[in-house]
Amino acid sequence: MDKKVALITGGSRGIGKKVAEEFAKNGYNLVINYVSDNTNLEGLEKEFKNLGAKVLFIKTDVTNYEACGEMVNKAIETFGKIDVLVNNAGITKDSLLIRMKEEDFDKVININLKGTFNMTKNVVPVMIKQKEGKIINISSVVGVVGNAGQANYAASKAGIIGFTKTLAKELASRNIRVNAVAPGFIQTDMTDVLKDNVKENINNQIPLKRMGTPQEVANVVYFLADDLSSYITGQVINVDGGMVM
Ligand code: NAP
C-alpha cells in the first residue's frame with residue numbers, strides 16, 4: 001500500500017523534527033524543509049530511515065513564494081501526493097515595540113505568517129485534486145494572549161490563527177481539515193537562549209510547573225492529522241501546561 005506523505009517546514013530541528021519523527025513512526029514518508037547550510041542531512045536521513053521513512057530534504061526559505069511552489073512540485077514528483085502539511089518554520093526577533101526595528105518586524109511576519117501562506121497556497125490545489133488533506137499550522141499561545149517584547153511574533157502567530165480558521169471554512173467542503181497548535185514554552189533552541197532566572201520565572205507561571213517537550217507538541221500535531229480527529233477543524237489547541245485557559 002502507498003505510504004502517506006507529510007511535508008513539514010522547519011523539520012530539521014526542535015518541534016518540527018519531533019513532528020517528522022512522529023509521522024515516520026506512524027508509517028509516513030517525509031518531505032523535510034529547512035533553510036540553514038549547516039544542517040546535518042546525513043544524520044537526519046539515517047534517523048528517519050531507521051524509523052522506516054523515505055525522506056526528501058528540501059532547502060528552501062519559506063519566504064520565497066516561487067521556491068515554495070518548486071518544493072511542492074518536487075514533493076509530488078518524488079511521492080505523488082501530499083497528505084499532510086505542517087507549517088512549522090518560525091523565528092523570533094524579540095524586543096519591546098519602542099526598540100523594535102522595522103526589519104525585525106518584517107522578518108518575523110515574512111517567515112512565520114507569509115511563509116505559512118506561501119506553503120498553504122501551493123499545497124491546497126494538490127489537496128483539492130486529491131479530494132483530501134490535513135493542514136496543521138504551528139501558532140503560539142502568545143498569538144492568543146500577547147506577550148510584552150514580542151509584538152512582531154505575537155502578530156504573526158495571531159495572524160496564523162485567523163488564517164487557520166478562514167481556511168477551515170473555505171476548505172471543509174473539499175475534505176481538507178485545517179487546525180492550529182499553540183504551544184506554550186517548549187524546550188528547543190528557541191527557548192534555550194533564555195536566561196536561567198527567566199526560565200524559572202516562566203516555570204512558576206505554568207500550572208504544570210515545567211516547559212513542554214517537542215514530543216508533547218508532536219503528539220497533538222499527529223492527532224490533528226490522524227482520523228482520530230476527523231470531526232475537528234478550525235480549532236486552536238493549546239499545548240502549554242495550562243498556562244492559558
Ligand atoms: P527552532 O528549534 O528554532 O527551529 C526552527 C525551525 O524553523 C528550524 O528547522 C529552521 O530551519 C526553520 N526555519 C527558520 N526560518 C526558516 C525559513 N525562512 N525557511 C524555512 N525554514 C526555516 O524552533 P522551535 O522551537 O522548534 O519552533 C518551531 C515552531 O514552533 C515555530 O513556528 C515557533 O514559533 C513555534 N513555537 C515554539 C515555541 C517554543 O517554546 N519553542 C513556542 C510556541 C511556538 P534550520 O534548521 O534550517 O535553521
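Visitor: Which hand is the crossing of helix 1 and helix 9?
Guide: The crossing is right-handed; a crossing gets that name if the near helix is turned clockwise from the far one by less than a right angle, and left-handed if anticlockwise. Helices here are DSSP runs of H or I with at least four residues, strands are E runs of at least two, and both are numbered from the N terminus.

Visitor: Where does the model come from?
Guide: This is a predicted model, in which local features need pLDDT of at least 70 and side-chain atom pairs count only at pLDDT 80 or more, while totals for chains, interfaces and linings use all residues. Residues are numbered from 1 along each chain as its sequence is written, and side-chain values use heavy atoms, with hydrogens and water left out.

Visitor: Back to that pair. At what angle do helix 1 and helix 9 cross?
Guide: Roughly 50°, with the axes of helix 1 (residues 14–25) and helix 9 (residues 214–225) coming within 8 Å. Axes are lines fitted to C-alpha atoms, for helices over the stretch in contact, and angles run from 0 to 180 degrees between N-to-C directions. The angle makes helix 1 oblique to helix 9, because under 35 degrees counts as roughly parallel, over 145 as roughly antiparallel, 65 to 115 as roughly perpendicular and the rest as oblique.

Visitor: Which residues make the contact?
Guide: Among them are I15, V19 and F23 of helix 1 and V217, V221 and Y222 of helix 9; contact means heavy atoms within 4.5 Å.

Visitor: Which residues of helix 9 are buried?
Guide: P214, V217, A218, V220, V221, Y222, L224 and A225, where buried means under 20% relative accessible area, exposed over 50% and partly exposed in between (1.4 Å probe, protein chains only). Their cover includes helix 1, strand 4 (84–87), strand 5 (133–138), strand 6 (176–183) and strand 7 (236–239).

Visitor: And helix 2, how does that cross helix 1?
Guide: The axes of helix 1 and helix 2 (residues 41–50) come within 9 Å and cross at roughly 30°. K17, A20 and E21 of helix 1 meet L44, E47 and F48 of helix 2.

Visitor: Is K17 buried or exposed?
Guide: K17 is buried, at a relative accessible area of 19%. Apart from residues up to four places away in sequence, K17 touches G10, G11, S12, L44, E47 and F48.

Visitor: New topic: what does N110 touch?
Guide: T63 and G115, leaving aside neighbours within four places in sequence. N110 sits in helix 4 (residues 102–130) and is partly exposed at 35% relative accessibility.
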